[in-house]
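Keep the selection panel at hand. We will go stop by stop.

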Amino acid sequence: MNWLVLLIVIVMLAAAIAVLSLRNLLGALAAASVVSLGLSVLFVILRAPDVAMTEAAVGTGLSGVVMAMGLRRLGLWRVEATSSEAGAEAERRLGLAQPVTDPEGERHDV
Amino acid sequence: MYRVTSLLFAVGLTVLLFALVSHLDFGHAPMVVGESVNRLAAEQTGAANFVTAVVLGYRGIDTLGELAILFAAATAAGLVLGHKRSENSRREADGGAILIYGADLFFPLLLVVGLYIILHGHLTPGGGFQGGVILAAAFFVPVLARPGGGLNHRALSIVEGLAGASFIVIGLWGLWGGGEFLQPMLDKGTLGELVSAGTLPLLYLAVGLKVGAELAGLLTTIAETEANE
Amino acid sequence: MMDLSGPDLGMVLYGGAVALAVIGAIGVATATHLVRIVLAIALLEAGANLLLLLSAYRFDAIAPIIVTGREGVDSMVDPVPQAMVLTAIVIGVGIQAFAMSTVLKVHKVYATLDVRVLLKKMEQEIDAQAGVEPVSSPQAPDRAGIPGAAAKNVEF
């Protein structure tokens, strides 16, 4: 049981770092949903089935849908990362892999 | 400079949180209120699920405040985005055969599951919030499959208003009956049966309908916003 | 539970909750894209919820739901923090949806989602409405003269 908890916590933290570092915002959103899913499993282990159910329905499902609809409206719904050379270069220079600005995020359509 | 500042901020927050956490003894919670709730909830509210007893019985006014916040958030989102979808705007293609038939197939199933979870909130894990989200999903999936059909915002706001009003009316009923606001009324019934726990299932039904209508309206509002060109 | 070999459960869970909250806070502080900031707020919220729920846990206790009879009432976990977390999760998604709709509106008005570009555009707008020239300090780096100097900091 303890190893299972450790595994879930590691997956959650890795996904949380991915939320901040992935260039593709759709991928970041998926990583946020992974964090939420791991959280709901932890809630079951912590004897809170009510809260786990809420987290699974609300945190994993609904908030993901809300953000995904928003991304689609913003024109950021891209499955593969189409990072330009300049963007990748700037990312390497900053080291933190934070997109300074999404160069194509401002004009792409769905 | 900017990154150094944020790094310092993160280190400081970590130290603060660990200072807080080091005082907590994991696995030996000092239950002061919880002990009494666990001992008395079954007699006082008749609910087998003590989380429901806390959410609707002991902290009912808290739930009313939560509903108000949710209502404010949904209304504010509707105000910010507005309903300006012109008729001649670019129509989106529908979701394709799989999504359309899937939506038709899943609509009754999601409806049944959502209502089941709401109505069994006082017996099993679940309740108005979880079931309300599932109801919202049930009404939103057809909107995804057939864009432009849309939900009737007027009907949604009527359902929402009636549910919120009935929550308050049930609360006032407790006040009128000589107790506190939101005091559980009616017969407690037998512990563990569907019709038991007095007014708690009615309150959860109101919460579920209100949450479902609000979230369905919110999702539809975001979905109907004009795509940026 | 305690006899099992393995890492200390409390340390792992508390460490995970604190790390999740700190990662979310770092994201809020350093991210430059508005959508990423909204996602980071969700992470911060997840860490806080986990921390709150951990304070309710007891070893060898059951979930606060009576299944049959009345047995087990003495060894249940605390239902009060669970009810609070239940409330917090639902409020969280409402706030997130409102934040997302605000982001949509910002993108419609300013056509950008980078907070630094947004700040510049808003300052320009305020200057234009006040009818003053943009204030330039003598110590400010010369953005107009050197090509590429501006692009190093902010890309339009």
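How many residues of chain B are in contact with chain C, and how many of chain C with chain B? Select both chains: 45 residues of chain B meet 41 residues of chain C. Bear in mind that this is a predicted model. The predictor gives the complex an ipTM of 0.82 and a pTM of 0.81.

**Stop 1: the chain B side**

Stay on the side of chain B that touches chain C. Select α1 (2-21), α2 (33-45), α3 (50-58), α4 (60-81) and α8 (200-224) of chain B, the elements that give two or more residues to that side. Then highlight α4(B), which gives the most, with ten residues. Colour this side by class: 31 residues are nonpolar, nine are polar and five are charged.

Along the sequence the pattern reads α-α-α-α-α-α-α-α. Chain B has 229 residues, and 41% of them count as buried. Look at contacts in chain B with a separation of 6 or more: residues 24 or more positions apart account for 72% of them.

**Stop 2: one alanine in chain B**

Select B:A53. It sits in helix α3 of chain B. Is B:A53 buried or exposed? It counts as buried, because it has 27 C-beta neighbours inside 10 Å, and the cut-off for buried is 20 or more. Which residues does B:A53 contact, leaving aside neighbours within four places in sequence? Pick B:A41, B:T45, B:A47 and B:Y58. Draw a distance from B:A53 to B:A41, C-alpha to C-alpha. The two are 6.6 Å apart in space and twelve residues apart in sequence.

**Stop 3: chain A against chain C**

Chain A has four helices and zero strands, in the pattern α-α-α-α. Of its 110 residues, 45% count as buried. For contacts in chain A with a separation of 6 or more, residues 24 or more positions apart account for 47%.

**Stop 4: two helix pairs**

Select α2(A) and α2(C). Their axes are 10 Å apart and they pack at an angle of about 10 degrees. The two helices are therefore roughly parallel, since angles under 35 degrees count that way. Show side chains at the contact. From α2(A), the residues include A:L25, A:A28, A:L29 and A:A32. From α2(C), they include C:V35, C:R36, C:L39 and C:L43. The contact of α2(A) with α2(C) has 15 nonpolar residues, one polar and one charged.

Zoom in on C:L39. Leaving aside its neighbours within four places in sequence, C:L39 is in contact with A:V19, A:A28, A:L29 and A:A32.

Next, select α3(A) and helix α3 of chain C, residues 79-110. The axes come within 10 Å and cross at roughly 0 degrees. That makes α3(A) roughly parallel to α3(C). This contact divides into 15 nonpolar, seven polar and three charged residues.

**Stop 5: the nonpolar core**

Bring all chains back. In soluble globular proteins, nonpolar side chains tend to be buried together. The largest nonpolar core here has 132 residues. Which residues have the most contacts inside it? Select A:V19, B:V133, B:L219, C:L39 and C:L43. The largest share of this core, 15 residues, comes from α8(B).

**Stop 6: confidence in chain C**

Last, colour chain C by pLDDT. Its mean is 79, and 78% of its residues reach 70 or more. Which element of chain C has the lowest mean pLDDT, and which the highest? Helix α5 (residues 149-153) is lowest, at 45, and helix α2 (residues 34-54) is highest, at 91. Now select residues 146-156 of chain C. Over this stretch the pLDDT is below 50. Beyond near neighbours in sequence, the stretch has eleven contacts in the model.

Note on methods. Residues are numbered from 1 along each chain as its sequence is written. Chains are lettered from A and ligands numbered from 1 in the order in which they are written. This is a predicted model: local features need pLDDT of at least 70, side-chain atom pairs count only at pLDDT 80 or more; totals for chains, interfaces and linings use all residues. Two residues are in contact if their C-beta atoms, placed from the backbone, lie within 7 Å. Ala, Val, Leu, Ile, Met, Phe, Trp, Tyr, Cys and Pro count as nonpolar, Asp, Glu, Lys and Arg as charged, and the others, Gly among them, as polar. A residue is buried if 20 or more other C-beta atoms lie within 10 Å of its own, exposed if 12 or fewer, and partly exposed in between; C-beta atoms are placed from the backbone. A nonpolar core is a set of buried Ala, Val, Leu, Ile, Met, Phe, Trp, Tyr and Cys residues joined through C-beta atoms within 7 Å. pLDDT is the predictor's confidence in each residue, from 0 to 100. Axes are lines fitted to C-alpha atoms, for helices over the stretch in contact, and angles run from 0 to 180 degrees between N-to-C directions. Angles under 35 degrees count as roughly parallel, over 145 as roughly antiparallel, 65 to 115 as roughly perpendicular and the rest as oblique.
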